[in-house]
Amino acid sequence: MINEKMYEYGSKSSVIRELFSYGLERKKVVGEDKVYDFSLGNPSIPAPAEVKQAILELLEEPAEELHGYSPASGDPAVKQELAEAVNRRYGTHFTGDNFYMTVGAAASLNITIQALTNSGDEFIVFAPFFPEYQVWVENAGAVLRICPPNLKDFQMDFAELEKLLNPKTKGIIINSPNNPSGAVYSEETILRLSALLKEKQKEYGTQIYLITDEPYREIVYGGVAVPYVTKYYANTIVCYSYSKSLSLPGERIGYIIVPDEMTESKKVMAAVNGAGRALGYVCAPVLFQKVVAKCTGVTGDISAYERNRELLYNGLTELGYECVQPQGAFYLFVKSPEPDANAFSEKAKKYDVLIVPGDSFGCPGYVRISYCVAEKTIVDAMPAFAKIMEEYRSV
Ligand code: PLP
């Protein structure tokens, strides 16, 4: 008898992947440029030139060092370099010992959740949320509690959050800039959240960890600030990745930060190491640990995303679609013109427009449109979006 839960995870492919695969097949039939695929969050801008330069330089290093194991938590020199870069940028006081290198944000989150969980613990997420949280939380033996969306601006709904907090709450997972809403939590929101969690920790006599999932931290528009959460709340664990900021999703590189200010910080870091070990991660890719250490302060040229955001937001709102203008990441979260977003997505598919229903993000009635695509895809898709809206208007 195999593990039924694993079978379920492995055989039920995600809606996003299904749409993407459908798009690939459809392109073979109607042509590459006739399918407008907005399904995936795969960065469309190239990794910055500094990345290539760093790789070339590193290839001159002794191969046995470059391709050998590093300590499980990462190369100490790399971690120190990254800590200093974060300190310079955000005025924090980390050292390399606060860092644990991972294979991207997915591993950062999986390890963190596993490190904190005892059976029956609860984690709270805010809808809309990244669907894999459900898998990692469930797999760790915890329960996922979903805070309903604040449809006005996708900031947190504190009245709803208060209803969910209880002595079993082990952690809250936040993601800002957000996939899929594009919202960036303001300083006011983070301050309010911190105050509430501090109060609840005192009331329950427990630790409530704030897990901040930050692969989109650098992808923001119009100079909007993304508060550095460890400065507001001591029990914060940062889950970072270079997948989006350096367009390196295939290289699998990121980190976890456990700050010294956290209650029993050393014990939490030991549990992080333990979870990484139990999950069999061994160590993050050593070449790319060294690459990111050489590329501190570097980000891809996000001006293409910014142009896409303008084009899509202006184009769709002029056609009568409703959405909140995203402040970051590269997704537009659009209200479905009919209550069932799956039906809307199916209708769009008839026009070879591939958009993801919000149901899998815990937010029915909305669709996610990824704009990490070529500008031409957006321009060419607009007549199709217009026809879809006409269909709705004519009934
Ligand atoms: N968290 C969010 C919100 C994401 O959108 C993604 C990837 O799209 C991840 C985590 C996983 O990122 P990584 O590729 O670094 O594992």
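Leaving aside neighbours within four places in sequence, which residues is N150 in contact with? N150 is in contact with Q155, M156 and D157, where contact means heavy atoms within 4.5 Å.

This is a predicted model, in which local features need pLDDT of at least 70 and side-chain atom pairs count only at pLDDT 80 or more, while totals for chains, interfaces and linings use all residues. Residues are numbered from 1 along each chain as its sequence is written, and side-chain values use heavy atoms, with hydrogens and water left out.

**Individual positions**

N150 sits in the loop between β4 (143-147) and α8 (158-164). Helices (H or I, at least four residues) and strands (E, at least two) are DSSP runs, numbered from the N terminus. N150 counts as buried because its relative accessible area is 17%; buried means under 20% relative accessible area, exposed over 50%, and partly exposed in between (1.4 Å probe, protein chains only).

C372 belongs to the loop between β13 (366-370) and α14 (375-393). Its relative accessibility is 6%, so C372 is buried. Not counting residues up to four places away in sequence, C372 touches L40, G41, N42, P43, S44, Y305 and F330.

A195 lies in helix α9 (residues 187-204) and is partly exposed, because its relative accessibility is 45%.

| Pair | Separation along the chain | C-alpha distance |
|---|---|---|
| N150 and R26 | 124 residues | 36 Å |
| C372 and I45 | 327 residues | 7.7 Å |
| A195 and Y232 | 37 residues | 8.8 Å |

**Helix α6 and its surroundings**

Two packed helices are described by the angle between their axes and the distance between the axes. The axes of helix α6 (residues 104-116) and helix α10 (residues 265-278) come within 8 Å and cross at roughly 115 degrees. Axes here are lines fitted to C-alpha atoms, for helices over the stretch in contact, and angles run from 0 to 180 degrees between N-to-C directions. On the α6 side the contact is made by I111, Q114, A115 and L116, and on the α10 side by V268, A271, V272, A275 and G276. Sorted by class, this contact has seven nonpolar, two polar and no charged residues. Ala, Val, Leu, Ile, Met, Phe, Trp, Tyr, Cys and Pro count as nonpolar, Asp, Glu, Lys and Arg as charged, and the others, Gly among them, as polar.

S108 is also in helix α6, and counts as buried because its relative accessibility is 0%. Apart from residues up to four places away in sequence, S108 touches T102, C239, Y240, Y255 and I256. The S108 side chain reaches the backbone oxygen of Y255 at 3.3 Å. Such a polar contact is a pair of N or O atoms within 3.5 Å; within protein, one must be able to donate a hydrogen and the other to accept it, and residues adjacent in sequence count only if both atoms are side-chain atoms.

**Ligand**

Around the ligand there are 13 residues, of which D213, Y216, S241, S243 and R252 come nearest; a residue is near a molecule or strand if one of its heavy atoms lies within 4 Å of it. A polar backbone atom of A105 is 2.8 Å from an oxygen atom of the ligand. A polar side-chain atom of S243 lies 2.7 Å from a ligand oxygen atom, and an N or O atom in the side chain of R252 is 2.7 Å from an oxygen atom of the ligand.

**Helix α11**

In helix α11 (residues 286-294), eight of the nine residues are buried. The buried residues of α11 pack against α3 (49-58), α4 (63-66), α5 (76-90) and β2 (99-102).
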